[in-house]
Amino acid sequence: MEYVRLGSTGMKVSRVCLGMMSYGDPAKWGEWVLDEAAAEPIVRRAVEAGVTFFDTADVYSLGDSEEVTGRLLSRIFADRDDYVLATKVCMPMGKGANDRGLSRKHILSSIDASLRRLGTDHVDLYQIHRWDPETPIEETMEALHDVVRAGKARYIGASSMYAWQFAKAQHVAETHGWTRFVSMQNHYNLLYREEEREMNPLCLDQGVGLIPWSPLARGLLARAGAEETTTRAGSDPRIDALYDDADDNRLILERVAQLAGEREVPPAQVALSWLLHQPGLSAPIVGATKDRHVDDAVAAVDLALSEKELTFLAEPYRPRPFRN
């Protein structure tokens, strides 16, 4: 396993981040989600391979993912400082008018609730899950700064938004002397590369680390060239919503499968390796519900692709609408 700084911070993260959305309560989130007992051997396998970076969110399984994450990591690691823990805030956690968004009220309540569920006194990275158009960004950034000043988070990050929104948030923080975002968790993979237009160059210029979600396009890239489907593929409506450009996708998937065959490795390793070669990329967030998912992610770190191979994979891509 390799370890890199998260953006321009001094904090080191493993080049693979284990996405904890896959663990929690299948009744609340999806039939493909694993409960704690089923998740533990997979998380242990990742840790044994050198993974020290874990990402969850309060909304995943409506809090259960954070609870499972906290219990598993406390059992597996001897010391809290041996791993980097990230969670997120913004999505609805209840039916109340203030149970969502990025108001000061919701942020300060949510960080305390997340810490209780995680069983820790701080998270290493506290991220806004999306942009909140109903809350002034000044209110959000000041509240996040107060979370850091209180010692409840070491750093703050953001996820999926327009580049102008992210630039505005950073400018507001800098102007007031508040904490700035150190990471961007955006939608980025071989089937969706619109982030290369503005967000990725902005982050690269500003020293913000990229930790993309859905690096395997919800499993489509991992199944390149295969006919079988999966439980998640048959029950996740977001797959069609995010990746419905059939003709373009087919060409990319064919090339992933072809290169995987030539290299004699699974397609997932090829797709993740391509992503890891991209500028500013700190660590993709990989979900794993089987041992081989962990093995492929870890192996991708050491799979070097030539410039010719990188171009071969990227060439068929065509612009598509913004999706997050």
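**Close-up views of a predicted model**

**View 1. Glutamine 278 sits in the loop between helix H10 (267–276) and strand S10 (285–287).** Helices (H or I, at least four residues) and strands (E, at least two) are DSSP runs, numbered from the N terminus. This is a predicted model: local features need pLDDT of at least 70, side-chain atom pairs count only at pLDDT 80 or more, and totals for chains, interfaces and linings use all residues. Residues are numbered from 1 along each chain as its sequence is written, and side-chain values use heavy atoms, without hydrogens or water. Glutamine 278 is buried, at 16% relative accessible area (buried is under 20%, exposed over 50%, partly exposed in between; 1.4 Å probe, protein chains only). Its side chain reaches the backbone oxygen of tryptophan 274 at 2.7 Å. Neighbours within four places in sequence aside, glutamine 278 is in contact with Tyr188 and Glu196 (contact means heavy atoms within 4.5 Å).

**View 2. Helix H6 covers residues 163–176.** Its 14 residues should span 20 Å at 1.5 Å a residue, and the end C-alpha atoms are 20 Å apart, which agrees (the expected span is 1.5 Å times one less than the number of residues). Buried residues of H6 include Phe166, Ala169 and Val172. The buried residues of H6 pack against helix H5 (137–149), strand S7 (153–159), strand S8 (181–185) and helix H7 (199–206). Just after H6, glycine 177 takes a positive phi of about 75°.

**View 3. Phenylalanine 322 lies in the segment after helix H12 (307–314).** Phenylalanine 322 is partly exposed, with a relative accessible area of 32%.

Key:
Polar contact = N/O pair within 3.5 Å; in protein donor to acceptor, adjacent residues only side chain to side chain.
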